[in-house]
Amino acid sequence: MNALKFYLSTSKYVMQANFADRDSWSELYRYLPYLRQALSCCVCRNIVKNPMGPSHKVCQHFVCKECVEKPMTIKPQCSWCKKRESFEESTQLRMVVSCFKKICEYVMSSPIGTDLQEQAHNGETNSLVTILEEGVDFEDDYQSPPVIPNYNAFPGSNIHSRATSRIRNRFKGQTYEK
Ligand SMILES: [Zn+2]
Ligand SMILES: [Zn+2]
């Protein structure tokens with residue numbers, strides 16, 4: 001399971017959700033549990049904290065840094081994950097986890113969250129509320145690297161200057177007739 005893929009799909013369905021139309025929330029409801037599942041620690045089953053995984057990334061199994069020496073709870077056991085000492089930290093997954101938290105906060109504060117909480121309040125068991133609350137409550141001291149805008153780093157950022165020089169070149173050597 002690829003957490004990043006599930007994250008991208010879930011974000012898409014969050015964006016597409018029309019608050020006035022419950023039917024438009026169904027894909028979000030379907031994908032949120034997949035995303036949560038993809039972010040599970042293979043030892044403690046909680047949202048993976050300081051994720052570590054095999055460097056080959058073949059199996060997409062991750063464990064919390066704290067859980068790295070404990071036995072995995074996945075069955076059957078994964079042959080790709082045998083060498084736990086070669087596990088390395090996954091900054092990418094850690095970022096996906098912090099984005100998942102953001103999605104949960106957003107959905108919970110939207111009419112979708114209000115609706116789900118009302119259902120839960122009326123005694124209906126709602127695993128989505130559990131997932132969202134877990135996401136909102138998730139704490140990580142992850143600090144994303146400071147963003148220093150460097151416009152030259154983005155491909156296409158020189159579009160403006162390219163266009164300007166193209167226009168300049170077009171008129172180069174031309175004399176205007178009066
Ligand atoms: Zn864990
Ligand atoms: Zn594995």
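This is a predicted model: local features need pLDDT of at least 70, side-chain atom pairs count only at pLDDT 80 or more; totals for chains, interfaces and linings use all residues.
The axes of α1 (residues 3-16) and α2 (residues 26-38) come within 9 Å and cross at roughly 155 degrees. With angles over 145 degrees counted as roughly antiparallel, α1 and α2 are therefore roughly antiparallel to each other. On the α1 side, the contact is formed by Ala3, Phe6, Tyr7, Ser9, Thr10, Tyr13 and Val14, and these meet Glu27, Leu28, Tyr31, Leu32, Tyr34, Leu35 and Ala38 of α2. By residue class, this contact between α1 and α2 comprises 11 nonpolar residues, two polar and one charged.

The secondary structure consists of six helices and two strands, and from the N terminus the elements follow the order α-α-β-β-α-α-α-α. The chain has 178 residues, of which 24% count as buried. Of the contacts between residues at least 6 apart in sequence, 59% join residues at least 24 apart.

The largest nonpolar core holds 30 residues, and those touching the most other members are Ala3, Leu35, Leu39, Val48, Val63 and Phe100. At least two residues of this core come from each of α1, α2, α3 (91-109), α4 (111-121) and α5 (127-137). The most is given by α3, which supplies seven residues.

Key. Residues are numbered from 1 along each chain as its sequence is written. Chains are lettered from A and ligands numbered from 1 in the order in which they are written. Axes are lines fitted to C-alpha atoms, for helices over the stretch in contact, and angles run from 0 to 180 degrees between N-to-C directions. Helices (H or I, at least four residues) and strands (E, at least two) are DSSP runs, numbered from the N terminus. Angles under 35 degrees count as roughly parallel, over 145 as roughly antiparallel, 65 to 115 as roughly perpendicular and the rest as oblique. Two residues are in contact if their C-beta atoms, placed from the backbone, lie within 7 Å. Ala, Val, Leu, Ile, Met, Phe, Trp, Tyr, Cys and Pro count as nonpolar, Asp, Glu, Lys and Arg as charged, and the others, Gly among them, as polar. A nonpolar core is a set of buried Ala, Val, Leu, Ile, Met, Phe, Trp, Tyr and Cys residues joined through C-beta atoms within 7 Å. A residue is buried if 20 or more other C-beta atoms lie within 10 Å of its own, exposed if 12 or fewer, and partly exposed in between; C-beta atoms are placed from the backbone.
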